[in-house]
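Please keep the sequence and the 3D view at hand while reading.

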Amino acid sequence: MLKILKYSFYDLMRSRWSYVYFLFYLLLGIVLLFLNNDLSKAVITLMNVIIILVPLIGTIFGVMYYYNSREFTELLLAQPVKRSSIFLGQYFGVATSLTMSLIIGLGMPFVFYGIFNSSAIWDFSLLLITGAFLTFIFTALAFVIALSNENRIKGFGYAILLWLFMAVIYDGLFLMSLLYFEDYPLDKFSLVATMLNPVDLSRVLILLKLDISALLGYTGAVFQKFFGTSFGLILSFVMLVFWVVVPTFFIWRIAKRKDF
Amino acid sequence: MIEIKDLYKKFGKNEVLKGIDLSIKEGGIFSILGPNGSGKTTLIKAILGMVLPDSGEISINGKSLKNDFKYRDKIDYLPQIANFPGNLKVNELIDMIKDLRASQATKDEELIELFKLQPFLNKKLANLSGGTKQKVNLVLTFMFDSPLIILDEPTSGLDPISHLRLKNLIFSEKEKGKTILVTSHILSFVEEIADEIVFLLEGKIYFKGTISELKSKTEQPDFEHAIASILSASYA
């Protein structure tokens, strides 16, 4: 698997899109920091961008990479290599290179700005860690979608829908159900609902770390009470890992049974 | 060498292979023929483990292929469409496949010389023409010394000289006692190289034997007409 990962990674490192993605983050980091001059504010803005954009890029890149390398995958399938190694290798190759673009692209301006001497270092690290998780989660989901759909257009469609659902629609449904059932105690429901969507989970994790939970009112207090504890934090990370592991398992399973 | 027993495969509602029984002995060139959609590529892919049969058994040298992947080390496969990652250079691709097979004994330099690929070694695969890609494909296939070679439409996109070189290459591999499976639509090519042909029709084996046997069976003077008479009989 490591060999496939290595080659997928090299292949992507040379692709124009990896650089576009990298330069985008570099530019974003520079603009936010040097025009804004406030680390905490920059981190919040970045969070909003990352929470929406990272899943989108992960999904699109994952689907695109899978469909574009189809013939090459067939070449690999005829080699004495295990099926699961091919697909897991490709998946980790894509996810790793995207994560690298994110971490290096954002990391460089922050390092030059002097993040290491600032108290925002932990917020910033958390931001990068959740960004990395989101990349791995959504790339894996994209691979699952692409593997189960032979038709590219359908595959792209489902992938975009998935992103739209996770990033936008889920929140809408969540809010509507909160309004609709406002007569009932909803703390547990909202906690669980947040845990079940990696995008929401990442957002809440970062927001609470930034100590602006006061803005969230009563819910914020409930969330702070839960996510602020080490138990809540660990549980959140377990959930994020879970969100990586489950789709990865599906990649393995679908790849094993698929005809090429 | 290859034993196929009662092989069935369908894609959705489309039954592609309907009970194939085939045994291919070691050494010689076998050509798999058949009209479009008769299941040639599916059969080859089943041997390679890329298509998983619904039922039936395939074994190579007495070993079942189920849940095995190492046996592919003994097969060189030329896919029908040569498409490679565009960001790689030709020599990087060759090194990569060598690395994946962890094989030392290769003759890639000889083959690069044969197909005159030196000027392209440092070019990206995305910038190569279809014929040149097919030559790279051929180098990747023939550079290992495996006892079984499977070629799916090997002549597509090749110029006449390369075509000739490919034919000589196939013959020299046969001299070494290898088993070679070829699918092709170019009948003159098949007639020249094949020791035995297998004719697939609607997912079943219609005929297996030498070309002269086929001619006498169909009572036709030449190979092309023999094939044509099978096809017109089946579509009539």
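**A buried valine in chain B**

B:V182 is buried because 24 other C-beta atoms lie within 10 Å; a residue is termed buried if 20 or more other C-beta atoms lie within 10 Å of its own, exposed if 12 or fewer, and partly exposed in between, with C-beta atoms placed from the backbone. The structure is a predicted model, in which local features need pLDDT of at least 70 and side-chain atom pairs count only at pLDDT 80 or more, while totals for chains, interfaces and linings use all residues. Residues are numbered from 1 along each chain as its sequence is written, and chains are lettered from A and ligands numbered from 1 in the order in which they are written.

**Surroundings of B:V182**

- B:V182 belongs to strand β8 (residues 179-183) of chain B; helices (H or I, at least four residues) and strands (E, at least two) are DSSP runs, numbered from the N terminus.
- When neighbours within four places in sequence are set aside, B:V182 is in contact with B:I29, B:S31, B:L151, B:P154, B:I193 and B:A194; two residues are in contact if their C-beta atoms, placed from the backbone, lie within 7 Å.
- From C-alpha to C-alpha, B:V182 and B:L125 are 25 Å apart in space, and they are 57 residues apart in sequence.

**Chain B as a whole**

- Chain B has 8 helices and 10 strands.
- The radius of gyration of chain B is 18 Å, which agrees with the value near 18 Å for a compact globule of 236 residues; this radius is taken over C-alpha atoms, and the globule rule is 2.2 Å times the number of residues to the power 0.38.
- The C-alpha trace of chain B spans about 50 × 40 × 35 Å along its principal axes.
- In chain B, 39% of the 236 residues count as buried.
- Of the contacts in chain B between residues at least 6 apart in sequence, 69% join residues at least 24 apart.

**A helix pair in chain B**

- Helix α2 (residues 90-101) of chain B packs against helix α4 (residues 130-142) of chain B at an angle of about 25°, and their axes are 10 Å apart; axes are lines fitted to C-alpha atoms, for helices over the stretch in contact, and angles run from 0 to 180 degrees between N-to-C directions.
- α2(B) and α4(B) are therefore roughly parallel to each other, a term for angles under 35 degrees, whereas those over 145 count as roughly antiparallel, 65 to 115 as roughly perpendicular and the rest as oblique.
- The contact involves B:V90, B:L93, B:I94 and B:I97 of α2(B), together with B:V136, B:V139 and B:L140 of α4(B).
- By class, this contact of α2(B) with α4(B) has 7 nonpolar, no polar and no charged residues; Ala, Val, Leu, Ile, Met, Phe, Trp, Tyr, Cys and Pro count as nonpolar, Asp, Glu, Lys and Arg as charged, and the others, Gly among them, as polar.

**Loop residues of chain B with positive phi**

- B:K116 is in the loop between α3 (108-114) and α4 of chain B, and its phi is near 55°, a positive value in a residue other than glycine.
- B:K116 counts as partly exposed, with 13 C-beta neighbours inside 10 Å.
- B:E219 is in the loop between α7 (211-218) and α8 (223-235) of chain B, and it has a positive phi of about 55° although it is not a glycine.
- B:E219 counts as exposed, with 9 C-beta neighbours inside 10 Å.

**Chain A**

- Chain A contains 11 helices and 0 strands.
- With a radius of gyration of 19 Å, close to the 18 Å that the globule rule gives for 260 residues, chain A is as compact as a globular protein of that length.
- Along the principal axes, the C-alpha atoms of chain A fill a box of roughly 60 × 45 × 30 Å.
- Buried residues account for 41% of the 260 residues in chain A.
- A:S236 lies in helix α11 (residues 230-257) of chain A and is buried, with 22 other C-beta atoms within 10 Å.
- Apart from neighbours within four places in sequence, A:S236 is in contact with A:L201, A:L205 and A:F227.

**Where the chains meet**

- The contact takes 19 residues from chain A and 22 residues from chain B.
- On the side of chain A that touches chain B, α4(A) gives the largest share, 5 residues.
- The residues on that side of chain A divide into 8 nonpolar, 3 polar and 8 charged.
- Within α4(A), A:F72, A:L75, A:L76 and A:L77 are buried, and their cover includes α5 (83-113) of chain A.
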